[in-house]
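Subject: Structure for your files, with notes

Hello,

Here is the structure to go with your work. My notes follow it.

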Amino acid sequence: MRFWVVLALYIGGSGIAAAEEDPLKADKIFEEAQKLKEAGNTAEACKKYDEALQYNHNAVGTLLNVALCNETAGKYATAVKHYTQARDLAREHNLVEHRKAAEDKLVIVTPLVARVAIAFAEQAPNMKLVIDETIIPLDKTDDIVIDPGSHHIVVTAPDRVPWETTVALEKSQAKAIAVPKLGYPVTNKGRRTVGIILSASGVAMIATGIGLGMFANSKYDGQIGPGKNCVNPPNCNPEGYRITHDALTYATFGTYIGIAGVGVAAVGAYLWFFGPKAKTEQNLAIVPTLRSDSAGVTAVGRF
């Protein structure tokens, strides 16, 4: 238990604190954490160490204890981050014992971190990569140190469809992930599809209108002439009047349908010819291959 005792002694006399922080409050919370730890309540003690760190980010002893809590919880990447910060601060302030404690721990914990390499088939403008709740710079994706466990990865870009996946990593495990080219929203590509459908519908309506007109003309002409129901229109007998009236009605409907078809076809043609065209997707990515004893690259995609 020597590790914890040394940390308590250091915190009591620590003067390394940022101006906007509250080192006195941090020391008080740290003492509460120590009492919880001595009582065997490690989980609550770790919460207190985290709280103390919020009020004094540069307290080496608190950093070491927070790192130890994360190491115990299997969050090795987080532990390495805190051990590294503690080592650097201890070196800066000539705290030999604390520096050695941090360095010894880094030797043990660093090999346990998980790592992920992410490559992109295309880096769209203003693309963002988020792992869980952390934004990762796109120029630092070839070797991301991460805690073991399940992680949610999301890639977004303006006017593109987001891409996401979940990756599960064991301790000391490395994985490479290829992110395909982000697609465009369906609503954009759909304009051309809607245009084709409307154009076809408009043409069908025009054809229907023409067909009704021809049918009406045939019905009308069939009633006119010697020996028929209409000798000299509008002089028709009742049967001739009914048939010619129906023919005129069909002709009117055909005209309306034909005019509407022209309008629908015109709108469809505009969307068809001026809507965004589908772009060829390039799903090839050069992915870093990470292993414990080697590194390389792999081409991933469709050939």
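This is a predicted model: local features need pLDDT of at least 70, side-chain atom pairs count only at pLDDT 80 or more; totals for chains, interfaces and linings use all residues.

Residues are numbered from 1 along each chain as its sequence is written, and side-chain values use heavy atoms, with hydrogens and water left out.

Aromatic pair

A search of the whole structure finds one aromatic pair. The ring centres of Phe30 and Tyr49 are 5.4 Å apart and the planes stand at 55°, so the pair is tilted. For the cut-offs: rings of Phe, Tyr and Trp (its six-membered ring) pair if their centres lie within 6.5 Å, and planes under 30 degrees apart count as stacked, over 60 as edge-to-face and the rest as tilted. Phe30 is in helix H2 (residues 23-38) and Tyr49 in helix H3 (residues 42-55), so the pair ties together parts that are 19 residues apart in sequence. Helices (H or I, at least four residues) and strands (E, at least two) are DSSP runs, numbered from the N terminus. Buried means under 20% relative accessible area, exposed over 50%, and partly exposed in between (1.4 Å probe, protein chains only).

Sheet

Four strands form an open sheet in the order S3-S2-S5-S6, with antiparallel pairing. Two strands pair if DSSP finds at least two bridges between them. Strand S3 (134-136) and strand S6 (163-169) are the edges, each pairing on one side only. Direction ignored, neighbouring strands of this sheet are turned by 25° against each other on average; the axes are lines fitted to C-alpha atoms, for helices over the stretch in contact, and angles run from 0 to 180 degrees between N-to-C directions.

Strand S5 (residues 149-156) pairs with S6 over seven bridges, in the antiparallel sense. Ser150 has Ala168 in S6 as its bridge partner, and Val155 stands opposite Trp163 in S6. The hairpin of S5 and S6 has six residues between the strands, and Asp159 takes a positive phi near 65° there. Strand S2 (residues 128-131) pairs with S5 over four bridges, again in the antiparallel sense. For Ile131, the bridge partner in S5 is Ile153.

Disulfides

The structure holds two disulfides, a disulfide being a pair of cysteine sulfur atoms within 2.5 Å. One is formed by Cys46 and Cys69, with the sulfur atoms 2.1 Å apart. The torsion about the S-S bond of Cys46 and Cys69 is about -90°, so this disulfide is left-handed. Cys46 lies in helix H3 and Cys69 in helix H4 (residues 60-72), so the pair ties together parts that are 23 residues apart in sequence. Cys46 and Cys69 are buried.

The other joins Cys230 to Cys236, at 1.9 Å from S to S. The torsion about the S-S bond of Cys230 and Cys236 is about 120°, so this disulfide is right-handed. Cys230 is buried at 0% relative accessibility, whereas Cys236 is partly exposed at 24%. With the bonded cysteines of the protein chain numbered in sequence order, the pairing is 1-2, 3-4.

Largest pocket

The largest pocket holds about 360 Å³ of space. On a 1 Å grid over the protein atoms alone, a pocket is an open set of points where a 1.4 Å probe fits, with protein on both sides within 12 Å along at least five of seven lines; lining residues have an atom within 4 Å of a point. Grid points are joined across faces, edges and corners, and a volume is the space filled by probe spheres set on the points.

The lining has 14 residues, and the closest to the pocket centre are Thr78, Thr134, Val145, Ile146 and Asp147. Helix H5 (76-92), S3 and strand S4 (144-146) are the elements that give two or more residues to the lining. H5 supplies the largest share, four residues.

Arg191 is in helix H7 (residues 186-221) and is partly exposed, at 33% relative accessibility.

Regards
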